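Reader: Could you walk me through how to read a few features of this model? I would like the general idea and then the case at hand.
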Amino acid sequence: MPVTMEEVRAVLDPEEPDYAAAALLGPEALPHLRALVESGDPMLASKAAYAAGVIDGDEAVEVLREAAQSDEPAVRVAAAATVANLEADASAELLEGLVADDDPGVRRVARAAVPEDAPASLRARLEELPDEPPEGGDAGAAGSGPPTIGGLMPGEQPGRGTMPGERGGLMPGESPDDMNG
Amino acid sequence: MTWLGWESLGSTLTSGPAASSWAPRRLDTFGRAADNTLLHKWFDNGWSGWESLGGILASEPAAVSWDHGRIDVFARGTDSALWHKWYDGDWSGWENLGGVLMSAPAVASWAAGRLDVFARGADGAVWHKWYDGDWSGWESLGGTLTSAPAAVSWSAGRIDVFAAGPSNALVHKWYDGAWSGWESLGGVLASAPAASSWAHGRLDVFAAGTDAVMWHKWYDGAWSGWESLGGVLTTAPAAVSWGPNRIDTFAGGIDSAMWHKWWAPVPTVRLHAKVLTAPTVPITTAVQRMRDVYAGCGLAVQHVSTEILNLPALNDVDVGQCLLGQTTAEQNQLFAHRNGVGPNDVVVYFVRSTVPPFNGCASHPPGRPGAVVAQGATQWTLGHEIGHVLGLFHVNDNNRLMTGNGTANITNPPPDLVATECTTMHNSPLTPDI
C-alpha cells in the first residue's frame, strides 16, 4: 500500500508527534517527508527531517542531507538530532558538516550525536574544530497585555474603550486641569 | 479580580436601571417598562424573569436593601413627588413622600431602619429626606447639579453623594457626622453617576462618558483616575456591591435591554513567559487566543510577567518522548529557572525548538508547573499545552483545543473546551480564584 501525504501529515501534524508511528510509515513516506522539508514551514520541515531519520534508508540520507543544508537552524537541529539513527557511514558524513555548523545550537546537538566509536574522519574533523566558546544569549523580546474576558454590548467595537485599569486616566473631553477640584 | 460581561438581561426598558443587594449572591434590579410601570428582576443563584410591580414612574427608580429580605424602591411620580414602595416579605403599595423632584431620586442606607433619599430640586440643588423611624422633611444640601444624584453608605453614619456638576464634572459631598462641602472629581459625565461601596473606605463611581462608554473611578484612601469599562450605554448606570471585591453594574444598551457587567474574583491561570526565543506567533496573540478559549470555561488568563532568559544551551531543548511525569535533564535545568514565580503559577518557556521536534511539550518536573513552546508553534499551541498542565488529555476532535491531530488543523476557531474539561481545569490548583 503506498503511503499518502495525508497519512504522513496525520502523524506529523500533532503538537507532539509520535515518531514511533512515523517509523512505521516506512520508506514510502520519504518522498513526502522530502517535500515537507522543502515546504518552507520550519515546524513541519523539522518534524519531517526527524521522521526521515527514524525511517532510515538511502532516500532518508538524501532527505537529511537537504535538511542539514536548510536555512532554518531549527530544521538543521532536527537533522542533527536524528542523524544518529542512520547507518554509521551516512551518519558520520552528515555529522562532519553539522558539527561545524554556523549555529551553536546545531553544533551542540550534532556533537552530542557523535558516537564513541565514530569513524576516524569524523574524529579528525572534531579535532580540527575550535572548542565551543562560552555560550551567549540569542533570545528575542516579547510583550504582555492586561487580562480581559467578557462580551461586547450591541454597537460596541472590539477593543474600544479597553484602556488598562491604570490610575490617572481621563474621560473623553476631559483635560488634566479638570481634575483639580 | 476581573471585569466580566457584558451580558444582556433582556427586557425593553425606558429608563436606566436601579440595583440593590441584601446578601452575597442576591441582586435585585429595577427599571421602567414601556408602560412606565416598575419592572423587577432578581438574581438568587440564577436570574429570574421580569415581574411588573405597577406604578406610573416619571424617572429611573432607585433601590436599596437595609437588611436581608428588605428592599426599598423610590421613584419620581408624574406629580414630581417622591414615591416609595418596599418589600418585606411582600410588596407594599406606593407611598407618597411629597417634594418636587427635578430628577430621579437616589437612596442609601447605613443600617436597618435608616434610609437617606436625595434628588435634585427645582433650584438645581440636591435635597435630602431621611427615614429613621419617621420620615424627615426635606433639607437642601446646596450645589448646582446637572444630573440626578447617586448615594451610597459604607458604614453607619457615613453617606457619600455624587452628581454631575457644572461643566458635567463629577462632584462629591459626604456626611460623616456633618456634611462636607462639594468637591470636584473631574471627568465629563454624559449621564448621572452610580455609586457602590464594598467596604469601609471603599467607593466605586460609574457614569457614561461622552463616548457612551461606561467609565469608572474609585476611592480606597485616594481617588483613582478614570478607567474605561467599555459598552455602549444609552442610560445612566446602576451599581451595587454584595460584598468585598464584588461590584455589579447595570445599564441600558442601544437595544433597550438591561446589560450587566461585574467585577469579581474568577478562576485564573497566572502565566509567566520565559523567553529563550521569541515565537513566530507573538506571545500577546497566543495569550489572547488562550483567553478566547478558556473564557468559555469561565477561566481568566493573567499574563503576569515576561522574562528574557539567556540560556542558549537550552534553546533547542531535549524533551525526550514528552511523557507526563517524565522529564529529561535538560527539561529539569530549564524548569529550574522559575525565578521567584509562585508554586501555583504556570511558566511557559518559549524555545527555538525541541528535540525531537514538537510544537510544545507540557511534561514538567514535580512542583514546577509549566510547558515549553517551540518557535514554530501555532496560535493555539500555548492554550493546548497549558491545557495539559491543567490535567487535560488529547481528544480526536478538531473542533476542540485538545485535539491530538494538531492545532493547525482546528476547523472551527476558536476551538472548544467541553464541560468535563472545564471541570478538570477548575479543579486544578493552578486555577485559583483571584
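Author: Happy to! Let us begin with handedness: a crossing is left-handed if the near helix is turned anticlockwise from the far one by less than a right angle, and right-handed if clockwise. Helices (H or I, at least four residues) and strands (E, at least two) are DSSP runs, numbered from the N terminus. With that in hand, the crossing of helix 3 of chain A and helix 4 of chain A is left-handed.

Reader: Before we go on, what should I know about the model and its numbering?

Author: This is a predicted model, in which local features need pLDDT of at least 70 and side-chain atom pairs count only at pLDDT 80 or more, while totals for chains, interfaces and linings use all residues. Residues are numbered from 1 along each chain as its sequence is written, chains are lettered from A and ligands numbered from 1 in the order in which they are written, and side-chain values use heavy atoms, with hydrogens and water left out.

Reader: At what angle do helix 3 and helix 4 of chain A pack, and how far apart are their axes?

Author: Two packed helices are described by the angle between their axes and the distance between the axes. Axes here are lines fitted to C-alpha atoms, for helices over the stretch in contact, and angles run from 0 to 180 degrees between N-to-C directions. Helix 3 (residues 30–37) of chain A packs against helix 4 (residues 42–55) of chain A at about 150°, and their axes are 8 Å apart. The two helices are therefore roughly antiparallel (angles under 35 degrees count as roughly parallel, over 145 as roughly antiparallel, 65 to 115 as roughly perpendicular and the rest as oblique).

Reader: Which residues make the contact between helix 3 and helix 4 of chain A?

Author: Contact means heavy atoms within 4.5 Å. Helix 3 of chain A brings A:Leu30, A:Leu33, A:Leu36 and A:Val37, and helix 4 of chain A brings A:Leu44, A:Ala45, A:Ala48, A:Ala49, A:Ala51, A:Ala52 and A:Ile55. By class, this contact has 11 nonpolar, no polar and no charged residues. In this scheme Ala, Val, Leu, Ile, Met, Phe, Trp, Tyr, Cys and Pro count as nonpolar, Asp, Glu, Lys and Arg as charged, and the others, Gly among them, as polar.

Reader: And how do helix 4 and helix 5 of chain A pack, at what angle and axis distance?

Author: Helix 4 of chain A and helix 5 (residues 58–68) of chain A pack at about 150°, with axes 9 Å apart. That makes helix 4 of chain A roughly antiparallel to helix 5 of chain A. The crossing of this pair is left-handed. From helix 4 of chain A come A:Ala49, A:Ala52 and A:Gly53, and from helix 5 of chain A come A:Ala60, A:Val63, A:Leu64 and A:Ala67. The classes are 6 nonpolar, 1 polar and no charged residues.

Reader: Now for charges: how many salt bridges does the structure hold over all chains?

Author: Side chains of opposite charge can pair when their charged atoms come close. A salt bridge is a side-chain nitrogen of Lys or Arg within 4 Å of a carboxyl oxygen of Asp or Glu. Over all chains, the structure holds 25 salt bridges. One of them joins A:Arg108 and B:Glu330, with the closest N and O atoms 2.9 Å apart. This pair crosses between chains, from helix 8 (residues 104–113) of chain A to helix 2 (residues 329–335) of chain B.

Reader: Is B:Glu330 buried or exposed?

Author: Buried means under 20% relative accessible area, exposed over 50%, partly exposed in between (1.4 Å probe, protein chains only). B:Glu330 has 17% relative accessibility, so B:Glu330 counts as buried.

Reader: What parts of chain B does the pair of B:Arg70 and B:Asp88 tie together?

Author: B:Arg70 and B:Asp88 form a salt bridge with closest N and O atoms 3.6 Å apart. B:Arg70 lies in strand 7 (residues 70–76) of chain B and B:Asp88 in the loop between strand 8 (82–87) and strand 9 (95–96) of chain B, so the pair ties together parts 18 residues apart in sequence. B:Arg70 is buried at 10% relative accessibility, whereas B:Asp88 is exposed at 54%.

Reader: To finish, how many helices and strands does chain B have?

Author: Chain B has 4 helices and 31 strands. Buried residues make up 61% of its 434 residues.
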